[in-house]
Amino acid sequence: MEQGEMTPLDLARDMRHEEVCILRIGDTGLRVVIAIHDTTLGPAVGGTRMMKYPRFDDAILDALRLSRAMTYKAAMAEMSWGGAKAVIDGDPIIDKTDLFYDAYAEALDRFGRFHTGGDMGIDAADVTELARRTKRMSHVPPEAGVSASGLTAIGVREAIMAASRSIRREPTTAIHVAIQGLGEVGWPLARMLATDGIRLTVTDTDPARISAAVRELGASAVSPDAIYDVEADVFAPCARGAVLNEDTIPRLRCAAVVGAANEQLCDPQHGDLLNELGILYGPDYVVNAGGLLSLLFERGETDEPGIVARVRQIGPRVANLWREGQALGIPPHRLADRIVEDKLARARAKGAGRTGSAPVESVG
Ligand code: NAD
């Protein structure tokens, strides 16, 4: 789908959202958009993002796009969950008061059909606060040996190693990876890759994070804007969305783009452009599914080794997409979408989903 300048209503209809709801968060003066995209395969799940948007419509558009990506992510990761997302138009530095935690938890309980977790602006401490107040907040206990972001980083690492094999680097660790963003995912990813002996160039808008990577991991560093020009085997976007666009793609000097960020392609056409340029692209929702898979651990459906093994399947999954895409002449992001859409169509035809699957109430 090409999204262009669509209004939120057009986009919700075009993307086939089941429900989009705007809720007032108590007396905080804040509003949350909860977008339920598709629950054919199971109950609605997706993180809560909090940031200040230029216009409230932008928050709605973000919720629509991100919730759709959750449907695709869960389906591709073979999970019995549907896609949703909550987006709060608020300042994560000043708006996260006790009143906010109480009121947002109450809003989630009142809304009912949505299970959520952290995302940009809602960190592990916020998740803990909210999980004390509502069962609707997903929560891997702090004492566990795995975390959602750590699992996401493991999945990205596996996909990077798959890319290294696909571009025939020998040994697979003889690569140079350029990482954009050293946060909850980018930092553990950088640490794992450095432990593997992989050469790193990193950037972040926070100079302290760059200094730590240079000092502790032996990484080279560039300014945030210069990361697109780095001559590397793999570019790993682990910060913001829409970083692959008509301005940045012509600057890329890499053989593959494989990273954690959601919605990396500004538009699906930019995935086509990468393909035309011979740059291997790991579709974001395939590569970054580790955090969502942590739900299986949280629900007691698997133990720590089991969930790590499940996340490591992301490597072969993305390698299959690249192989099949090449054989069929279809860019990997289009092939991934097609696989998910076929799966949803088959499930709808069978009448699966909405009434069955995992009960949300027992999570968290
Ligand atoms: P985070 O906020 O912890 O880290 C983002 C990092 O990027 C920060 O260090 C920030 O300073 C830096 N940054 C921001 N803008 C930048 C820019 N323009 N250039 C360079 N650095 C910049 O977020 P996170 O949890 O690490 O998630 C990173 C991305 O991965 C997001 O797009 C998120 O939606 C996605 N993701 C995260 C998870 C997870 O488990 N945390 C799961 C799936 C997808």
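**Architecture, aromatic pairs and backbone exceptions of the predicted chain**

Ala 255 sits in the loop that runs between strand E9 (234-237) and strand E10 (256-257). Helices (H or I, at least four residues) and strands (E, at least two) are DSSP runs, numbered from the N terminus. The model is predicted: local features need pLDDT of at least 70, side-chain atom pairs count only at pLDDT 80 or more, and totals for chains, interfaces and linings use all residues. Residues are numbered from 1 along each chain as its sequence is written, and side-chain values use heavy atoms, with hydrogens and water left out.

Ala 255 has a relative accessible area of 22% and is partly exposed. The classes are buried (under 20% relative accessible area), exposed (over 50%) and partly exposed (in between), with a 1.4 Å probe and protein chains only. Leaving aside residues up to four places away in sequence, Ala 255 touches Ile 167, Ala 232, Asp 233, Gly 278, Ile 279 and Leu 280. Contact here means heavy atoms within 4.5 Å. Arg 13 is 242 residues from Ala 255 along the chain, and their C-alpha atoms are separated by 36 Å.

Gly 278, one of the residues touched by Ala 255, is in the loop between helix H8 (268-276) and strand E11 (280-281). Gly 278 is exposed, at 57% relative accessible area. From Gly 278 to Cys 254 the C-alpha distance is 9.7 Å, across 24 residues of sequence.

The chain as a whole contains 13 helices and eleven strands. A compact globule of 364 residues would have a radius of gyration near 21 Å; the chain has 20 Å, which agrees. That radius is taken over C-alpha atoms, and the globule rule is 2.2 Å times the number of residues to the power 0.38. Along the principal axes, the C-alpha atoms fill a box of roughly 55 × 45 × 45 Å. Of the 364 residues, 57% count as buried. Among contacts with a separation of 6 or more, 68% come from residues 24 or more positions apart.

The accessible surface amounts to about 15600 Å², and carbon and sulfur atoms hold 49% of that area. Accessible areas come from the Shrake-Rupley method with a 1.4 Å probe; for residues, only the protein chains shown count as cover. The chain carries 41 positive and 51 negative charges, whose mean positions are 4 Å apart. Lys and Arg count as positive, Asp and Glu as negative; His and the chain ends are not counted. Each charge is placed at NZ of Lys, CZ of Arg, CG of Asp or CD of Glu.

Aromatic rings were examined next. Rings of Phe, Tyr and Trp (its six-membered ring) pair if their centres lie within 6.5 Å; planes under 30 degrees apart count as stacked, over 60 as edge-to-face and the rest as tilted. By this rule there are four aromatic pairs. Tyr 72 and Tyr 285 form an edge-to-face pair, 5.6 Å centre to centre with 75 degrees between the planes. Tyr 72 lies in helix H2 (residues 56-76) and Tyr 285 in helix H9 (residues 284-287), so the pair ties together parts that are 213 residues apart in sequence. Both partners are buried: Tyr 72 has a relative accessible area of 5%, and Tyr 285 has 7%. Tyr 228 and Phe 235 also pair edge-to-face, at 5.7 Å between centres and 65 degrees between planes. Tyr 228 and Phe 235 are both buried. Phe 100, Tyr 101 and Tyr 104 make up one aromatic cluster.

The backbone also shows exceptions. Most residues other than glycine have a negative phi, and most peptide bonds are trans. Glu 170 and Pro 171 are joined by a cis peptide bond, with omega about -5 degrees. Pro 171 is in the loop between helix H5 (148-166) and strand E6 (176-180). Arg 16, not a glycine, has a positive phi of about 65 degrees. Arg 16 occupies the loop between helix H1 (8-14) and strand E1 (19-25). Arg 16 is exposed, at 54% relative accessible area. Ala 242 has a positive phi near 60 degrees. Ala 242 lies in the loop between E9 and E10 and is partly exposed at 35% relative accessibility.

Pro 142 lies in the loop between helix H4 (124-133) and H5. Pro 142 is exposed, at 68% relative accessibility.
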